[in-house]
Amino acid sequence: MTSYFTRRQLRRPLALACLVALPALACTDTLLNVTDPDIVQGANSASAATGLLNGAVLRLAQAVSGTQGPDALFMFGGLLTDEWRSGDTFIQRNTMDQRIWDPNNTFNAGPFRNLNRVRTQAALAVDGLRTYVPTGLADIARMFDFVAYTQVLMGEHYCNGVPLSSFSGTTVVFGDPLSNDSLFKLAIANADSALGIVRGSDSARVANFAKVIKGRALLDRGDTAGARTAVAGVPRSFRYDVTHSVNVNDNQLWALNASSRRYTMGDLEGGIGLPYVTGDSINSPIILPPPFDTTKKIGDPRIPTKTGPDGIFDTAFPTKVIRQGAWGRTSSVTIASGVEARLIVAEVALRDGDATSWLNELNALRADTTLLPALQDTSFRPVQGTKLAPLTDPGPSPNDSARVEMLFRERGFWMFSTGHRLGDMRRLVRATSAPGVSRVGGYGRAISSVYPTGPWFKGGNYGDAIQMSIPVEELNNQKFHGCTDRNP
């Protein structure tokens with residue numbers, strides 16, 4: 001199957017900015033005459049094509065959870081949600097946490113640029129692999145997955161009007177502003193391209209990655225029937241991870257939080273955020289291991305936590321740092337999973353009015369203890385061996401509001417800080433329908449009931465940002481004039 005990405009981008013040579021090592025210095029002035037190109041125009045051998053693939057893998061890890069200052073998407077975007085709070089003195093992190101809309105925030109450029117680096121390098125790898133390693137169909141499909149995944153992330157995190165620029169030779173080809181929905185359509189097409197060719201070693205994992213990406217994008221578009229079909233057959237145990245190493249990049253979910261205390265976990269942020277730290281024995285009951293036999297409000301085993309004893313990095317505020325205990329310095333981060341696939345199926349069942357299947361899907365996940373993370377430190381709570389107890393159906397209500405709340409609470413805990421929460425919050429406040437639009441798929445909730453509001457803990461009040469701004473640097477693109485709109 002041919003995708004939009006294939007038709008529009010793979011026919012012209014793409015380019016990738018990279019560093020080129022200079023030859024060894026000699027005691028002459030010939031260095032002044034060395035041509036040092038900063039754009040590589042595609043692969044010229046099988047090894048070069050494989051290098052582009054490996055580079056895309058590294059760039060993806062950096063983009064989602066492997067860089068800081070500017071920060072990776074899962075951390076910086078999480079500040080805008082109820083997942084993380086700024087424990088820092090940097091104004092860039094503080095304003096994002098406070099939901100202040102600021103296209104000039106200098107940390108905006110990093111996550112956006114890194115996602116586009118993944119997208120363009122994966123596209124370049126597709127070209128190279130098709131030419132020099134045409135039998136590597138699983139790797140070619142994986143690169144289509146990467147393109148699709150970045151398009152979903154941009155559609156969920158940024159305002160409408162995202163430009164997807166590329167290269168032709170050494171010339172930048174500026175992209176037209178695209179709506180979030182258009183990005184989801186592109187992601188679906190590229191996931192289909194992956195599914196249409198994937199074969200060989202590791203093909204099952206690459207195919208499941210494509211299925212989850214496609215299901216996620218279809219759910220974002222409001223196509224619930226299509227989303228359920230897309231994730232059919234994805235096993236609950238499936239995981240697609242990005243990896244970290246002290247030789248390349250630390251896991252920033254650990255580095256910025258547990259190590260440097262510049263991020264601290266959110267808990268009931270703004271009075272309405274999820275209780276990631278304190279837990280909720282009513283809406284998310286747990287079972288403590290012996291000698292405990294009672295359910296207590298001490299947290300949730302999906303997100304082990306520890307509060308204090310030290311404070312956040314910003315010593316001007318007497319706030320204890322709250323650390324997560326699911327990830328260590330080199331822990332892998334799951335970006336797509338069978339858990340997500342089953343949560344998609346659960347949501348579709350609820351939308352179809354099948355509350356029994358909805359609850360069964362949620363409880364099947366909760367009963368599988370292999371899905372729970374291992375503690376990085378035994379001082380975190382709840383203690384190792386704590387299990388999730390079955391949920392009880394809160395019963396029908398207007399618009400099934402209690403059931404919807406329980407569903408999104410489960411999504412928030414299962415997929416904490418993996419780039420899903422902002423898209424979920426936007427779907428919650430998106431309209432259920434709109435004139436002339438076949439699919440909207442939101443839940444129509446008030447922004448003040450979903451996003452942190454009221455007084456911010458460092459002073460002042462929360463702002464009105466509900467998504468991330470496209471960085472001001474994109475104004476170099478003459479086709480781009482700022483966000484088309486800030487609709488959810």
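Guide: Among contacts in the protein chain (heavy atoms within 4.5 Å) between residues at least 6 apart in sequence, 72% join residues at least 24 apart. This is a predicted model, in which local features need pLDDT of at least 70, side-chain atom pairs count only at pLDDT 80 or more, and totals for chains, interfaces and linings use all residues. Residues are numbered from 1 along each chain as its sequence is written, and side-chain values use heavy atoms, with hydrogens and water left out.

Visitor: What percentage of the residues in the protein chain is buried?

Guide: Buried means under 20% relative accessible area, exposed over 50%, and partly exposed in between, with a 1.4 Å probe and protein chains only. Of the 488 residues in the protein chain, the buried share is 56%.

Visitor: Which residues does F209 contact, leaving aside its neighbours within four places in sequence?

Guide: F209 is among the residues of the largest nonpolar core that touch the most other members. Leaving aside neighbours within four places in sequence, its contacts are D145, F146, Y149, F238, Y240, I335 and A336.

Visitor: Why is strand β13 described as largely enclosed, and which residue in it is the bridge partner of D241?

Guide: Strand β13 (residues 333-337) has five of its five residues buried, so it is largely enclosed by the rest of the structure. Strand β8 (residues 239-242) pairs with β13 in the antiparallel sense over four bridges, where pairing requires that DSSP finds at least two bridges between two strands. In β13, the bridge partner of D241 is T334.

Visitor: What covers the buried residues of helix α14?

Guide: Nine of the nine residues of helix α14 (residues 421-429) are buried, so this helix is largely enclosed by the rest of the structure. Its cover includes α3 (73-80), α6, α7 (180-197), α8 (203-221), α11 (338-351) and α13 (401-414).

Visitor: Where is V231, and which residues does V231 touch beyond four places away in sequence?

Guide: V231 is placed in the loop between α9 (224-230) and β8, and V231 is buried, with a relative accessible area of 0%. Not counting residues up to four places away in sequence, V231 touches K211, V212, G215, A341, I344 and V345.

Visitor: Which cysteines form the disulfide, and how many residues apart are they?

Guide: The structure holds one disulfide, defined as a pair of cysteine sulfur atoms within 2.5 Å, and here C159 and C483 form the link with their sulfur atoms 1.9 Å apart. The pair links distant parts of the chain, with C159 in the loop between α6 and β4 (162-163) and C483 in the segment after α14, a separation of 324 residues.

Visitor: Is C483 buried or partly exposed?

Guide: C159 is buried, with a relative accessible area of 0%. For C483, the relative accessible area is 24%, and this residue is therefore partly exposed.

Terms used:
Core = buried A, V, L, I, M, F, W, Y, C linked by side-chain atoms within 4.5 Å. Helix = DSSP H or I, 4+ residues; strand = E, 2+ residues; numbered from the N terminus.
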